[in-house]
Amino acid sequence: MKMDNKLLEDLNEQVNREFYAAYLYFAMATYFTEINMEGFAKLTKNHAKEELDHAKRIYDYIILRDEKVNLLKIDAPDTNWNNPIDAINAALDHEKFVTDNIHRIYKTSKEKGDYPLEVFIQWFVQEQVEEEHLFQSMLDKMSHVQDCSCEIVNIDRELKLESNYVE
């Protein structure tokens with residue numbers, strides 16, 4: 001089944017958004033490394049790798065559908081974070097932006113009757129719930145301790161020790 005041109009364009013743009021997200025998280029990892037927050041650096045570096053996997057998943061799907069992948073220019077992310085809370089807030093904002101786009105692709109695939117894409121994109125719908133939850137829960141913890149930066153250091157230490165975050 002030939003893919004609708006608008007849906008194909010949306011998927012190619014989503015590949016670009018996933019690559020951009022990887023850039024964003026690598027930039028955050030650099031920022032956290034520079035301020036000696038190894039746990040946050042590990043978290044964001046790991047997240048950058050996940051975003052590359054997401055881009056590859058969509059890339060492979062486009063090819064599976066016998067369509068053309070169109071790689072777009074990847075802009076450099078804004079890296080003007082004032083503190084760790086600011087950086088994590090930027091991550092959450094970005095994930096909300098991605099969620100809005102995934103939902104739009106899902107809605108359009110449903111409207112156009114592209115059932116294979118509708119099923120494929122459901123994985124991303126669920127993934128975005130997890131992505132937003134990760135950064136929202138971290139931001140919630142951090143915002144309760146704004147007056148005590150020592151607690152942010154504790155959060156960083158916990159992240160560094162967690163086994164599910166690998167370099």
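Mentor: We take the helix pair, then a helix span, then a salt bridge. This is a predicted model, in which local features need pLDDT of at least 70 and side-chain atom pairs count only at pLDDT 80 or more, while totals for chains, interfaces and linings use all residues. Residues are numbered from 1 along each chain as its sequence is written, and side-chain values use heavy atoms, with hydrogens and water left out.

Trainee: Why are α1 and α2 called roughly antiparallel?

Mentor: The axes of helix α1 (residues 5–34) and helix α2 (residues 38–64) come within 8 Å and cross at roughly 165 degrees; angles over 145 count as roughly antiparallel, and α1 and α2 are therefore described that way. The residues of their contact divide into 20 nonpolar, six polar and three charged.

Trainee: What makes the pairing of Asp10 and Arg104 a salt bridge?

Mentor: The term requires a side-chain nitrogen of Lys or Arg within 4 Å of a carboxyl oxygen of Asp or Glu; the N to O distance between the side chains of Asp10 and Arg104 is 3.1 Å, so the pair qualifies. This pair links distant parts of the chain, with Asp10 in helix α1 and Arg104 in helix α3, 94 residues apart. The whole structure holds eight salt bridges.

How values were computed
Axes are lines fitted to C-alpha atoms, for helices over the stretch in contact, and angles run from 0 to 180 degrees between N-to-C directions. Helices (H or I, at least four residues) and strands (E, at least two) are DSSP runs, numbered from the N terminus. Angles under 35 degrees count as roughly parallel, over 145 as roughly antiparallel, 65 to 115 as roughly perpendicular and the rest as oblique. Ala, Val, Leu, Ile, Met, Phe, Trp, Tyr, Cys and Pro count as nonpolar, Asp, Glu, Lys and Arg as charged, and the others, Gly among them, as polar.
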